Amino acid sequence: MNIKTELIKSYIAEVICSQLTDFEIDENKVADSKATLILDAVREILRQDELTDFEMIEEIVSLFGRCNIDCGACHDFG
């Protein structure tokens, strides 16, 4: 973790939030649509016959990472 980067991210988020007034967002619509796309991508990964189980898990973990979903600590299936 780069402390400077984390501090800058936090500062930018605070500035953006302080500038947004009368801004409404349907968080269910956003989350549901993103979740549906992610589930569809996972399904496509699982349908790939040429991948081993380990490779499928790696692809899913990678997908979650690209979607900013934390998968926790490093995994090792060996």
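**Briefing: core, salt bridges and nonpolar patch**

Glu6 is partly exposed, with a relative accessible area of 35% (buried is under 20%, exposed over 50%, partly exposed in between, with a 1.4 Å probe and protein chains only). The model is predicted: local features need pLDDT of at least 70 and side-chain atom pairs count only at pLDDT 80 or more, while totals for chains, interfaces and linings use all residues. Residues are numbered from 1 along each chain as its sequence is written, and side-chain values use heavy atoms, leaving out hydrogens and water.

**Salt bridges**

- The structure holds 3 salt bridges, each defined as a side-chain nitrogen of Lys or Arg within 4 Å of a carboxyl oxygen of Asp or Glu.
- Glu6 pairs with Lys9, with 3.7 Å between the closest N and O atoms.
- Lys9 and Glu6 lie 3 residues apart in helix H1 (residues 3-19), so about one helical turn separates them; helices are DSSP runs (H or I, at least four residues), numbered from the N terminus.
- Lys9 is partly exposed, at 49% relative accessible area.
- Asp40 and Arg43 form a salt bridge whose closest N and O atoms are 2.2 Å apart.
- These two residues, Asp40 and Arg43, are 3 residues apart in helix H2, and therefore about one helical turn apart.
- Asp40 is partly exposed at 32% relative accessibility, and Arg43 is partly exposed at 41%.
- Arg47 bridges to Glu44, with the closest N and O atoms 3.4 Å apart.
- Arg47 counts as exposed at 52% relative accessibility, whereas Glu44 is partly exposed at 37%.

**Nonpolar core**

- The largest nonpolar core has 8 residues: Ile38, Val42, Ile45, Leu51, Met56, Ile60, Leu63 and Cys67 (a core is a set of buried Ala, Val, Leu, Ile, Met, Phe, Trp, Tyr and Cys residues joined through side-chain atoms within 4.5 Å).
- Helix H2 (27-46) and helix H3 (53-66) are the elements that give two or more residues to this core.
- Not counting residues up to four places away in sequence, Ile60 touches Val42, Ile45 and Leu46 (contact means heavy atoms within 4.5 Å).

**Nonpolar surface patch**

- Ile8, Tyr11, Ile12, Val15, Ile16, Leu20, Phe23, Ile25 and Val30 make a nonpolar surface patch of about 880 Å².
- Such a patch takes residues with over 30% relative accessible area and no salt bridge, joining nonpolar side chains (Val, Leu, Ile, Met, Phe, Trp, Tyr) within 5 Å and like charges within 9 Å; areas come from the Shrake-Rupley method with a 1.4 Å probe.
- H1 supplies the largest share of the patch, 5 residues.
- Ile25 sits in the loop between H1 and H2 and is exposed, with a relative accessible area of 52%.
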